[in-house]
Amino acid sequence: KRSPNSTWIMKPIAKSQGKGIFLFRKLKDIMEWKKEDSWKVDGTKDEREPVENYVVQRYVDAPYLIGGRKFDIRCYVLVTSYLPLKVWLYRSGFGRMSNSRYSIDSIEDTYIHLTNVAIQKTSPDYDPEKGCKWSLIQLRMYLLAKHGPEAVETLFRGMDDIFIKSLQSVQKIMINDKHCFELYGYDILIDETLKPWLLEINASPSLTASNQTDYDLKFKMLHDVLTIIDMEGKLTGKERGLEVRFDVE
């Protein structure tokens, strides 16, 4: 009622790769969707599948577009400790592009609104050789050419702020074990004003490669993760060339 003209996105919390996600504008749309009882087996009370939990978010309906297409950014964040909080950011993330031109008028078209590779690769015009990804370096160079270094630096500082504050928000409730680490996949959306928005944090980000470039990126990322974890205790603490680290007390 407070935002009568807004678009909303509904996501099942236990699924991945864009499965079960849809957009809606009015509460009555959810009521009609619920009446369909798509989660039933044969309609009998005893054989119903468990009802799924969903997250509802306000949809950012004015995203930054490249070539008229929507995209989001996947960043990898390694947490080696929650108390104190020690966070490593992998520099070589990537942008996931839509294959269809953006339009808020077609909220049923998943090829327009969901950038998940699992969805985009089923698009009729998907090219498996080119894929639908830009490297983070390529994306940053594009933004630099369009908006200049100051605006882009502000954007990426805002993304760093998202990484840190999202982890600080759960720092006190996470089990801290010095023998464990977490690798998260952050999905960030940029709107038309160059403001970053947190879409979701994936606790088990997909490491499946869509092409050779993607394979090289993820292979190097995992190599760096194992280097930082240092299970064999070979590092002295004076090494150079590792990725950016945030130490937050």
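Visitor: How many salt bridges does the structure hold?
Guide: The structure holds nine salt bridges. The term stands for a side-chain nitrogen of Lys or Arg within 4 Å of a carboxyl oxygen of Asp or Glu. Before we go on, this is a predicted model, where local features need pLDDT of at least 70 and side-chain atom pairs count only at pLDDT 80 or more, while totals for chains, interfaces and linings use all residues. Residues are numbered from 1 along each chain as its sequence is written, and side-chain values use heavy atoms, with hydrogens and water left out.

Visitor: Is Asp187 buried or exposed?
Guide: Asp187 counts as buried, at 2% relative accessibility. Buried means under 20% relative accessible area, exposed means over 50%, and partly exposed is in between, using a 1.4 Å probe and protein chains only. Arg74 is buried too, with a relative accessible area of 7%.

Visitor: What about Arg96, which side chain does it meet in a salt bridge?
Guide: The side chain of Arg96 also meets Asp187, at 3.3 Å from N to O. Arg96 lies in strand S7 (residues 94-101) and Asp187 in S9, so this pair ties together parts that are 91 residues apart in sequence. Arg96 is buried as well, at 8% relative accessible area.

Visitor: And Asp161, which residue is its partner?
Guide: Asp161 forms a salt bridge with Lys165, with the closest N and O atoms 3.2 Å apart. The two are four residues apart in helix H5 (residues 149-168), separated by about one helical turn. Asp161 counts as partly exposed, at 35% relative accessibility. Going back to the shared partners, salt bridges join Asp72, Arg74, Arg96 and Asp187 into one network.

Visitor: Let's stay with S5. How many of its residues are buried?
Guide: In S5, 12 of its 14 residues are buried, which leaves the strand mostly covered.

Visitor: In what sense do S5 and S9 pair, and over how many bridges?
Guide: S5 and S9 pair in the antiparallel sense over seven bridges; two strands pair if DSSP finds at least two bridges between them. Val79 has Glu182 in S9 as its bridge partner. S5 and S7 are antiparallel over five bridges, and Asp72 stands opposite Arg96 in S7. Five bridges also join S5 to S6, again antiparallel, and a hairpin connects these two strands through two residues.

Visitor: Switching to helices: what end-to-end span should H6 have?
Guide: Helix H6 (residues 212-229) has 18 residues, and at 1.5 Å a residue it should span 26 Å; its end C-alpha atoms are 26 Å apart, which agrees. The expected span is 1.5 Å times one less than the number of residues.

Visitor: Which residues of H6 are buried?
Guide: They are Asp214, Leu217, Lys218, Met221, Asp224, Val225 and Ile228. Seen down the axis of H6, these buried residues fall within an arc of 120°, so they line one face of the helix. The arc is that of the directions from the helix axis to the C-beta atoms. The face turned away from the buried side carries the exposed residues Gln212 and Lys220.

Visitor: So what covers the buried residues of H6?
Guide: The cover includes S5, strand S6 (85-89), S7, strand S8 (133-135) and S9.

Notes: Contact = heavy atoms within 4.5 Å.
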